[in-house]
Number of protein chains: 2
Amino acid sequence: MREFILIGHTATIDPEFSLDDITGNAGRLDVLCRGVNAAFFLSHGFRHSVTVHLVLQDTMTIRFVGESLRNLHPDERNIAAAIRNAIDASREAVGHQEASSAPGIHTANYGLDTLLDSFSPDRLVQLIETGTPIPDATLPQDPVFLLSDHEDYTETEQALLTERGAESIRVGPEALHADHTITIVHNYLDTNGYTEY
Amino acid sequence: MREFILIGHTATIDPEFSLDDITGNAGRLDVLCRGVNAAFFLSHGFRHSVTVHLVLQDTMTIRFVGESLRNLHPDERNIAAAIRNAIDASREAVGHQEASSAPGIHTANYGLDTLLDSFSPDRLVQLIETGTPIPDATLPQDPVFLLSDHEDYTETEQALLTERGAESIRVGPEALHADHTITIVHNYLDTNGYTEY
């Protein structure tokens, strides 16, 4: 099992946005859409054992479960439409209970701290430019990778990860977009004997 | 210098398509848009030394020159709009002369054979699932990587590459989307001392 938590600092939590302007009125939702693409899609295939958590404004968490997803396409507009429906479903999510907008897509009204509490801390791996190069790191068997969108981790987010002892890694010498980083992480795991995807 | 040739088998060569339907009426243009994204964009940066050639229906070639590009954004819709303008500019391209629709974007009315003739054959590297794993390959100093879109290389394309002696490589055990492959190639070069980007 591979899981990815992608932190969206500016992405909207209001479903009333236009699919024609996901970079603007949806608050750079395009960044998160590309992250979902990178996490799941193979050429004529799909990584069914992956789960993705999108944390929006530390307020809402949308969970994509690979084994249950249906009708998701790799383009940004299609993924943005799925996210819009998931945001809309948040009205039906009460307390820590999730609501579902489609098979494999679940929305909850909580942020990063509560989400992180649902994982054993030894699974947490933070992707950050100052981390250990991935070939030099020892990864957990069922890693939960954390990534930030186009903005840096906030001090609060960094503190939540530090207090849980999350390992910090990086995938190369360049600072990369979150989706490109996910692609490289998958390829590293594929190539180095982490066979389940 | 890193160059990428991305072969689009179904992408439209008619500029009269809607940016709201780039997966449909534009013939999976989304695949090529993501390839352009992967080739150029870094987190808060840009790979200025990269050139991308999009070959559409073996009829039209659009060249993106990193050092000259302006106002290109990483989202599919923005890149699709740039491609639409480039397709429209093809009306002004006569013979083997290119026409330019924007700084760093040039269109010519020729296909793969003519494009390949512009490169020294020892620069050509074909990305294909049956190739040599990239760590086991010896790459040229200024590689020109060829990738196919969501469809396989045609017999004609394969023959053009075989007769020029293009090296065949792959980036991992999974069959990946073209844009994901570009991301991994960049990361491999970044990490293994191919310093210019």
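The structure is a predicted model, in which local features need pLDDT of at least 70 and side-chain atom pairs count only at pLDDT 80 or more, while totals for chains, interfaces and linings use all residues. Residues are numbered from 1 along each chain as its sequence is written, chains are lettered from A and ligands numbered from 1 in the order in which they are written, and side-chain values use heavy atoms, with hydrogens and water left out.

**Exercise 1.** Describe the span and the surroundings of helix 5 of chain B.

Solution. Begin with the span: helix 5 covers residues 178-191 of chain B, and its 14 residues reach 20 Å from the first C-alpha to the last, close to the 20 Å expected at 1.5 Å a residue. Helices (H or I, at least four residues) and strands (E, at least two) are DSSP runs numbered from the N terminus, and the expected span is 1.5 Å times one less than the number of residues. Finally, just after helix 5 of chain B, B:G193 takes a positive phi of about 85°.

**Exercise 2.** Determine whether B:L54 is buried or exposed, and list what B:L54 touches.

Solution. Locate B:L54 in strand 4 (residues 50-56) of chain B; because its relative accessibility is 0%, B:L54 counts as buried. Then collect its contacts (heavy atoms within 4.5 Å): leaving aside residues up to four places away in sequence, B:L54 touches B:L6, B:L32, B:V36, B:M60, B:T61, B:I62, B:F64 and B:I83.

**Exercise 3.** Characterise the interface between chain B and chain A.

Solution. First count residues: 31 of chain B are in contact with 31 of chain A. Then consider the area, which is about 2700 Å² buried between the two chains, 53% of it on carbon and sulfur atoms; buried area is the accessible area (1.4 Å probe) that two parts lose on being put together, summed over both. Three residues, B:S43, B:E174 and B:H180, supply 18% of the area that chain B buries against chain A, more than any other three. Last, there are two salt bridges between the chains, a salt bridge being a side-chain nitrogen of Lys or Arg within 4 Å of a carboxyl oxygen of Asp or Glu. One joins the side chains of A:D20 and B:R77 at 3.7 Å, N to O. On the side of chain B that touches chain A, helix 1 (29-40), strand 2 (41-42), helix 2 (76-89) and helix 5 each give two or more residues, and the largest share, six residues, comes from helix 5 of chain B.

**Exercise 4.** Which residues does the salt bridge of B:D190 tie together, and are they buried or exposed?

Solution. The side chains of B:D190 and B:R2 meet at 3.0 Å, N to O. Because B:D190 lies in helix 5 and B:R2 in strand 1 (residues 2-8) of chain B, the pair ties together parts 188 residues apart in sequence. B:D190 counts as buried at 12% relative accessibility, and B:R2 is buried at 2%.

Conventions
Buried means under 20% relative accessible area, exposed over 50%, partly exposed in between (1.4 Å probe, protein chains only).
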